[in-house]
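Here is a note for a colleague who is meeting this structure for the first time. Please read the points below with the sequence and the structure at hand.

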Amino acid sequence: IVDYEQKIRDSLRLILQHSEHRVFTAATASEALALLSSQPIQLMLLDLNMPGLSGHSILQFIAENKLATHVIIVSGRAEFAEAKRTLCFDFVHDFIKKPYDVEELLNAINRCKRLIQLNYEKAQMQEQLKRSEQLHRFFVEQSPDVIFLLDANGHFSLVNHTARTLLGYEPTELEQQHYSLLVHDADLVKAADFFLINIQVS
């Protein structure tokens, strides 16, 4: 919670602690920046109008440092026109006007929490896919046989390192080359028929 008004900070803290959130508060942008620099903050309720540095400096800091912090603006009517300036930040998800309605605020927070959860699940899935790809690539590279992939035009798109031992080519030399490079002229017709059959089956 970043707000220069003590009453607002205390009110928001009570609302969020009742909902079993772990809450930190900051009265100034400088305090908020120190918090962001010291630990991960998933969600920030931010007032734009504060003495000294404004809330916009915090948004800029989050953007420049690519922090995984989502923001809901909670600010007065006078600052509502400034909402347009926050739209350039894709981590700003809502703008709640003071005096805020508790139900409206909690709904905005819950929407943001669902988004955070979805982003977490997406990151977990991407990490699993990355590990799976690395494992498959390891097996391909460790195989004693030449393993390769051809694109639809018969060009090598992947060749394992066994090609260096058995064929005398570096894998990078073969990539984007046509498979006919490795086929004797007398066998080119048979190779073309074999390739065509495999493409049709796949």
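1. Arg111 has a relative accessibility of 42% and counts as partly exposed, a class between buried (under 20% relative accessible area) and exposed (over 50%), with a 1.4 Å probe and protein chains only. Arg111 forms a salt bridge with Asp94, with 2.6 Å between the closest N and O atoms; a salt bridge here is a side-chain nitrogen of Lys or Arg within 4 Å of a carboxyl oxygen of Asp or Glu. Because Arg111 lies in helix H5 and Asp94 in strand S3, the pair ties together parts that are 17 residues apart in sequence.

2. The model is predicted: local features need pLDDT of at least 70 and side-chain atom pairs count only at pLDDT 80 or more, while totals for chains, interfaces and linings use all residues. Residues are numbered from 1 along each chain as its sequence is written, and side-chain values use heavy atoms, with hydrogens and water left out.

3. The protein chain has eight helices and five strands, which are DSSP runs numbered from the N terminus (helices H or I, at least four residues; strands E, at least two). Of its 202 residues, 31% are buried.

4. The structure holds five salt bridges. In one of them the side chains of Lys98 and Glu5 meet at 3.9 Å, N to O. Lys98 is buried, at 12% relative accessibility, whereas Glu5 is partly exposed, at 32%. Asp3, Glu5, Asp47 and Lys98 are linked in a network of salt bridges.
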